[in-house]
Amino acid sequence: MSTLSRSRATLSPATSERSTLPMGATADAGSQEFTPLEPTREQLLAHFFERFKFYTSLCLGTSAILAVFAFLFLIPFVVEPAIQTILAEFAPEAGICSVSDHVYAETLTNCTWASCREGCTTMPTRCHKIRVNLARKPFVGNETLPIEWDEIDLKFLINPEGCGYPPKVNCSVFAIEYAGRKAPKIFPCFYSMTRPELVVARYSWESTIRGLILALVLPTTVFVFSLSVLAYWHCHCCDRACNRRVHAESFTSKEDSKLLCELDDDPTDDVF
């Protein structure tokens, strides 16, 4: 211990303070004879790494914050609708539907519900209300109009949420496609087995699961990765624990590992 402490006082001066003068010669710092040594390759690499670490940490911190906000944004728009769609348990095969009533309404009072909404956060002032009759048997494509229906006058929605955003959802096109003059008399529709009143025009199990997985995995992965790298770089406790574990693996006995931990805990023994 005492030898290490004494060696601290005999360390050579910093590289930037050395000069190229012969031994025993002196010169002022501003004189022409005083020429500082150029930084070494190791010093340049260390400086570059510090700058890289700073800007990377800034990007990772920003990514972690954006991942949190993205996850909070996706909960009402993707996660919750996907979960509700899964719980609805739509039939794997489309049934047979036929429009029984179509009403175009205006004002909020008359648009308490709508078959289609362009935007999921506000109530529409203009809406299409479409009701359908439902036959719970697979739609093949060449059926005739059924004589008997399993359900009549059900609310018909464009998708399980009943809303969406252009260009994927266009309510005018939807109304013309299913309730226009050239609309087919019968068409495929998807009905829920747990909510008998829910009938939709568009449904895909694969798209629902894919959207749910992406909404949960991507923000979580970005947040955990960013936080892990920042903790490894800037959390001294984590860095010290990792380094201690790496150094301890080189010692075969418990006594050597215990001695290493005692030396790490002693601040007076930090020479370098």
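Me: Before the helices, what do the axes and angles refer to here?
Reply: Axes are lines fitted to C-alpha atoms, for helices over the stretch in contact, and angles run from 0 to 180 degrees between N-to-C directions. The model is a predicted one.

Me: OK. How do the axes of α2 and α4 cross?
Reply: Helix α2 covers residues 41-88 and helix α4 covers residues 205-234. Their axes come within 8 Å and cross at roughly 155°.

Me: Roughly parallel or roughly antiparallel, then?
Reply: α2 is roughly antiparallel to α4, because angles over 145 degrees count that way.

Me: Left-handed or right-handed crossing?
Reply: The crossing of α2 past α4 is left-handed.

Me: What sort of residues make up the contact of α2 with α4?
Reply: The contact divides into 24 nonpolar residues, nine polar and one charged.

Me: Switching to salt bridges. How many in the whole structure?
Reply: A search finds two. One of them joins Glu151 and Arg136, with the closest N and O atoms 3.6 Å apart.

Me: Where do Glu151 and Arg136 lie?
Reply: Glu151 is in strand β3 (residues 151-157), and Arg136 is in the loop between β2 (126-135) and β3. The pair therefore ties together parts that are 15 residues apart in sequence.

Me: How accessible are they?
Reply: Glu151 is partly exposed, at 28% relative accessible area. Arg136 is also partly exposed, at 32%.

Me: And what does Arg195 pair with?
Reply: Arg195 forms a salt bridge with Glu197, and the closest N and O atoms are 3.6 Å apart. Arg195 is partly exposed, with a relative accessible area of 36%, and Glu197 counts as partly exposed at 45%.

Terms used:
Residues are numbered from 1 along each chain as its sequence is written. This is a predicted model: local features need pLDDT of at least 70, side-chain atom pairs count only at pLDDT 80 or more; totals for chains, interfaces and linings use all residues. Side-chain values use heavy atoms; hydrogens and water are left out. A salt bridge is a side-chain nitrogen of Lys or Arg within 4 Å of a carboxyl oxygen of Asp or Glu. Helices (H or I, at least four residues) and strands (E, at least two) are DSSP runs, numbered from the N terminus. Buried means under 20% relative accessible area, exposed over 50%, partly exposed in between (1.4 Å probe, protein chains only). Angles under 35 degrees count as roughly parallel, over 145 as roughly antiparallel, 65 to 115 as roughly perpendicular and the rest as oblique. A crossing is left-handed if the near helix is turned anticlockwise from the far one by less than a right angle, and right-handed if clockwise. Ala, Val, Leu, Ile, Met, Phe, Trp, Tyr, Cys and Pro count as nonpolar, Asp, Glu, Lys and Arg as charged, and the others, Gly among them, as polar.
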